[in-house]
Amino acid sequence: MFEKLETPEEVFTFKLGATLTMEKQLVDVLGELDEQAQRSEIKQALREHRVETRRHVANIERCFKLLGEEIDDSPCGAIEGIAKEGKATIKKTDESLLDAVILSAAVEAEHHEIAVYETLIIHAQARGASEVAALLNQNLEQEKHALQTARSATEKIAAEGIKVVAVA
Ligand SMILES: [Fe+2]
Ligand SMILES: [Fe+2]
C-alpha cells in the first residue's frame, strides 16, 4: 500500500484498490443479507446482485492488469461503516421488519458504489484509459440497476406497511 499519494495516477490506483476491497466485502455482505431476508423476491435479487458483484471484482482486477499496476488492497472504511450499521440494525429488528432494514442497507451501499464508479470513470477517461473506463462503466450500470430494484422493493414494502397500520 502507498505511504503517500503523490501523483494523480497513484491516487487513482489507491481508489481503485479501495473499490476492489469494497466489492470483495460486498460479496460477503450480500450473502449474509440473503440469509436474513424473508421475502423470496428479495433473496433472489440479492443473490443475482451477488453474482454481478463477483464480476465487479473480476473487472477491477482486470483494470489493474490493463494499467500495468499491481493489485492494491486499499481499505474501504465507507462500505465497512454501511455494513456495520446495517448489521447492528438487523440485530435489533423484529423478523417481520427485516426486509425493510436490508433494503435500506442495499440502497445505501448502491448509492456509495455509484458515487465511487462515477468518479473513477471521469479520471479513467481523462487519462485516456478507455478500456478501464468501459469495464468500470459495466459495474456502474449494474449498480444503477441494483439500486432501482432495491428502491422499487422498498416502495412496495413501505406501501404494505401503511396498509397493515391502517387496518390495525
Ligand atoms: Fe458492485
Ligand atoms: Fe452493488
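**Exercise 1. Classify Glu32 by its relative accessibility, then describe its salt bridge and the parts of the chain that the bridge links.**

Step 1. Glu32 has a relative accessibility of 34% and therefore counts as partly exposed, since that class runs between the 20% limit for buried and the 50% limit for exposed. The model is a predicted one.

Step 2. The side chain of Glu32 meets that of Lys87 in a salt bridge, at 3.2 Å from N to O.

Step 3. Glu32 belongs to helix α1 and Lys87 to helix α3; the two are 55 residues apart, so the pair links distant parts of the chain.

Step 4. Lys87 is also partly exposed, its relative accessible area being 42%.

**Exercise 2. How many salt bridges does the structure hold? Work through the pairs of Glu41 and of Asp34.**

Step 1. The total is seven salt bridges.

Step 2. Glu41 and Lys156 meet through their side chains in one of them, with N to O at 3.4 Å. This pair links distant parts of the chain, with Glu41 in helix α2 and Lys156 in helix α5, 115 residues apart.

Step 3. Glu41 is partly exposed at a relative accessible area of 42%, and Lys156 is partly exposed at 47% relative accessibility.

Step 4. Asp34, Lys43 and Arg47 are joined into one network by salt bridges that share partners. Within the pair of Asp34 and Lys43, the closest N and O atoms are 3.8 Å apart.

Step 5. Asp34 is buried, with a relative accessible area of 14%.

**Exercise 3. Which protein donors coordinate the iron ion (ligand 2), and what spacing do they follow along the chain?**

Step 1. Along the chain, the donors follow the spacing H-x60-E-x2-E-x29-E.

Step 2. Glu113 coordinates both the iron ion (ligand 2) and the iron ion (ligand 1), and the two ions are 3.4 Å apart.

Step 3. His49 is in helix α2 and Glu143 in helix α5, so this pair ties together parts 94 residues apart in sequence. Both His49 and Glu143 are buried.

**Exercise 4. Describe the largest pocket by volume, lining and residue class.**

Step 1. The largest pocket holds about 550 Å³ of space.

Step 2. Its lining has 32 residues, of which Leu30, Leu33, Ala45, Leu46 and Ala106 are the closest to the centre.

Step 3. Two or more lining residues come from each of α1 (8–36), α2 (40–67), α3 (77–91), α4 (98–126) and α5 (130–167).

Step 4. By class, the lining of the largest pocket comprises 19 nonpolar, six polar and seven charged residues.

**Exercise 5. Which element gives the most to the lining of the second largest pocket?**

Step 1. The second largest pocket has about 340 Å³ of space. Among its 19 lining residues, Val11, Phe12, Lys15, Leu120 and His123 are the closest to its centre.

Step 2. At least two lining residues of the second largest pocket come from each of α1, α3 and α4. The most come from α1, with eight residues.

Step 3. The lining of the second largest pocket divides into 11 nonpolar, five polar and three charged residues.

**Exercise 6. Is Thr21 buried or exposed, and what is it in contact with?**

Step 1. Thr21 is found in helix α1.

Step 2. Its relative accessible area is 17%, so Thr21 is buried.

Step 3. With neighbours within four places in sequence left aside, Thr21 is in contact with Asp73, Ser74, Pro75 and Cys76.

Conventions
Residues numbered from 1 in each chain as written. Chains lettered and ligands numbered in written order. Predicted model: local features only at pLDDT ≥ 70, side-chain atom pairs only at ≥ 80, totals over all residues. Heavy atoms only, no water. 1 Å grid on protein atoms, 1.4 Å probe; cavity = no way out; pocket = protein on both sides within 12 Å on 5 of 7 lines; lining within 4 Å. Points joined across faces, edges and corners; volume = space filled by probe spheres on them. Helix = DSSP H or I, 4+ residues; strand = E, 2+ residues; numbered from the N terminus. Nonpolar A, V, L, I, M, F, W, Y, C, P; charged D, E, K, R; others polar. Buried < 20%, exposed > 50% of the residue type's maximum accessible area, 1.4 Å probe, protein only. Contact = heavy atoms within 4.5 Å. Donors = N, O, S within 2.8 Å, 3.2 Å for Na, K, Ca; no water. Salt bridge = Lys/Arg side-chain N within 4 Å of Asp/Glu carboxyl O.
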